[in-house]
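Subject: Structure handover

Hello,

Here is the structure for your files. My notes on it follow below.

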Amino acid sequence: MTNRAVSTTLSYTLTLSISALLITGLLVAGTDYVNDRREQVVREELTIIGHQVASDLSRADRLVRAGQSPTVRMNQTFPDRVSGSSYDVAVENQETLVLTSTDPEVSVTVSLEVKTDLRSGSTADGGVVQIWYDKGPSELVITDV
C-alpha cells in the first residue's frame with residue numbers, strides 16, 4: 001500500500017519538473033525571438049530615416065549648386081528614438097551616411113550622391129536634424145537643432 005503513495009508523489013514531482021522545463025524553454029525562445037525582431041525593426045527604421053536624410057542632403061546639394069551665393073538651411077523632424085533606442089546620424093565621408101542606435105547596437109550605412117563637399121564627422125542625434133551650407137569651406141553640414 002505504501003508504494004502507491006510514493007508513485008503519486010513521484011508522478012506529481014516529475015510532472016511539475018517537466019512543466020517547469022517546458023515553460024523555461026518557451027520563455028528563453030520567446031525572449032530571443034523578441035530581441036531579434038526588435039533589432040530588425042530598429043534596422044528598418046534607421047534605414048528609412050537614413051534615406052530621408054540622404055534625400056535632404058541631395059536637395060540641399062542641388063540648391064547650393066543652383067545659386068551663386070546660396071544660403072541653405074533645412075530642418076527636418078525625425079523621431080527622437082527608434083523602438084525605444086536613441087540613435088545618431090553621422091557623415092562618414094563624401095559618399096556614406098552612418099546611422100547607429102544604442103540599445104540594441106545596430107548600425108546602418110546609406111549611400112550618398114552629392115557633389116558639394118560634406119563636413120566629414122558632422123553628426124546629429126535623433127529629433128530635429130538641420131542641414132546647412134557653410135560658405136567658408138563650401139561644405140554641407142549636419143547638426144542638431
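The radius of gyration used here is taken over C-alpha atoms, and the globule rule it is set against is 2.2 Å times the number of residues to the power 0.38. For a compact globule of 145 residues that rule gives a value near 15 Å, whereas the protein has 26 Å. Please note that this is a predicted model.

Overall dimensions and surface: along the principal axes, the C-alpha atoms fill a box of roughly 105 × 25 × 20 Å. Buried residues make up 34% of the 145 in the protein. The accessible surface is about 9100 Å², and carbon and sulfur atoms account for 54% of that area.

Secondary structure: the protein contains nine strands and one helix. Among contacts with a separation of 6 or more, 53% are between residues 24 or more positions apart.

Sheet: four strands form an open sheet with mixed pairing, in the order E1-E8-E9-E6. Strands E1 (73-77) and E6 (117-118) are at the edges and have a single partner strand each, so one side of each lacks a neighbour in the sheet. The partner of E1 is E8 (residues 128-134), and the two pair in the antiparallel sense over five bridges. Asn-75 has Gln-130 in E8 as its bridge partner.

Regards

Definitions and conventions: Residues numbered from 1 in each chain as written. Predicted model: local features only at pLDDT ≥ 70, side-chain atom pairs only at ≥ 80, totals over all residues. Heavy atoms only, no water. Pairing = 2+ DSSP bridges. Buried < 20%, exposed > 50% of the residue type's maximum accessible area, 1.4 Å probe, protein only. Contact = heavy atoms within 4.5 Å. Areas by Shrake-Rupley, 256 points an atom, 1.4 Å probe, with all protein chains shown as cover.
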